[in-house]
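Have the sequence and the 3D view open side by side as you read.

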Amino acid sequence: MQNKVEQIFDFMRVLDKVCLVKRATLLSDGTVETDSSHSFKLAFMVMLIKPYLKHEYDYARLLEMALVHDIAEAETGDYPKAMQRAHPEIKAKKDAEERAAMERYCKLLDEPMRSKIWNLYAEYEKKQTPEAKLITALDKVDANMQANFYNNGDIRYWTEYEDGEQYYKINTEKKPVVAVLDEPIVEALEDGTINLALTNMKKFGVEI
């Protein structure tokens, strides 16, 4: 039993680092969003949309995937979407680093938890199952939504980041992963975030 306790402590140290990883979005009061707050909101979004989903999903796996999907960033840090879009080589580097980090993290645990967490991560990365596609779509919706919450919608801070002008495009375009889902509630959420971004851009005089 002591060995199990030590494993859990070691893995919780990883999660402690996840709570420190800063993202490229601000909370409403100007606090920098972290990976842990993003994952918390993503899991809640799964719960909030569950009654309105058109298709059947493994609900427990959705929640688990929402929690697992970004934990590799405890070691690699967050790579902003704008940077990945502008520099494809950075995305390739990110993917390789995150896979290596997850391999190390999973070795901290015994079976069956080792395989469970690895399989959730691998499923999310492949984006082939309905659950992985839904979490990917919601991940994008949440990121775009949160990016618009700072200071009553003042999205001008996006340009302070490297390749930050990309955020205006990212926040106002429809995502293919949402379209293929065929989930009206997710499409409506995406439309809502796009409209919010366009409203904020108009409010603060941003043009693209």
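**Briefing: spaces, surface and salt bridges**

The largest cavity has a volume of about 40 Å³. Please keep in mind that this is a predicted model. The points below start with that cavity, then go on to a pocket, a surface patch and the salt bridges.

**The cavity**

- The structure holds one cavity of 30 Å³ or more.
- Sorted by class, the lining of the largest cavity has four charged, three nonpolar and two polar residues.

**The second largest pocket**

- The second largest pocket has a volume of about 300 Å³.
- Its lining is made up of 15 residues, and L15, E64, L67, V68 and I71 lie nearest the centre of the pocket.
- Helices α1 (2-18), α2, α3 and α7 each give at least two residues to the lining of this pocket.
- Of the helices, α7 gives the most to the lining, with four residues.
- By class, the lining of the second largest pocket counts 11 nonpolar, two polar and two charged residues.

**A nonpolar patch on the surface**

- On the surface, F40, F44, M47 and L48 form a nonpolar patch, and together they have about 420 Å² of accessible area.
- One of these residues, L48, lies in helix α2, which covers residues 35-49.
- L48 has a relative accessible area of 56%, so L48 is classed as exposed, the cut-off being over 50%.

**Salt bridges across the chain**

- The count comes to 20 salt bridges, and three of them are described here one by one.
- The side chains of D182 and K54 meet in a salt bridge, at 2.8 Å from N to O. D182 lies in the loop between α10 (176-181) and α11, while K54 lies in the loop between α2 and α3 (59-68), so this pair ties together parts that are 128 residues apart in sequence. D182 is partly exposed, with a relative accessible area of 32%.
- R61 forms a salt bridge with E123, and the closest N and O atoms are 3.0 Å apart. This pair links distant parts of the chain, with R61 in helix α3 and E123 in helix α7 (residues 113-126), 62 residues apart.
- Are these two partners buried or exposed? R61 counts as partly exposed at 23% relative accessibility, whereas E123 counts as buried at 15%, because buried means under 20%.
- R104 forms a salt bridge with E75, and here the closest N and O atoms are 2.2 Å apart. This pair too links distant parts of the chain: R104 is in helix α6 (residues 88-106) and E75 is in helix α4 (residues 73-76), 29 residues apart.
- R104 counts as partly exposed at 43% relative accessibility, and E75 counts as partly exposed at 42%.

Technical notes
Residues numbered from 1 in each chain as written. Predicted model: local features only at pLDDT ≥ 70, side-chain atom pairs only at ≥ 80, totals over all residues. Heavy atoms only, no water. 1 Å grid on protein atoms, 1.4 Å probe; cavity = no way out; pocket = protein on both sides within 12 Å on 5 of 7 lines; lining within 4 Å. Points joined across faces, edges and corners; volume = space filled by probe spheres on them. Nonpolar A, V, L, I, M, F, W, Y, C, P; charged D, E, K, R; others polar. Patch = residues over 30% accessible without salt bridge, like charges linked within 9 Å, V, L, I, M, F, W, Y side chains within 5 Å. Areas by Shrake-Rupley, 256 points an atom, 1.4 Å probe, with all protein chains shown as cover. Salt bridge = Lys/Arg side-chain N within 4 Å of Asp/Glu carboxyl O. Buried < 20%, exposed > 50% of the residue type's maximum accessible area, 1.4 Å probe, protein only.
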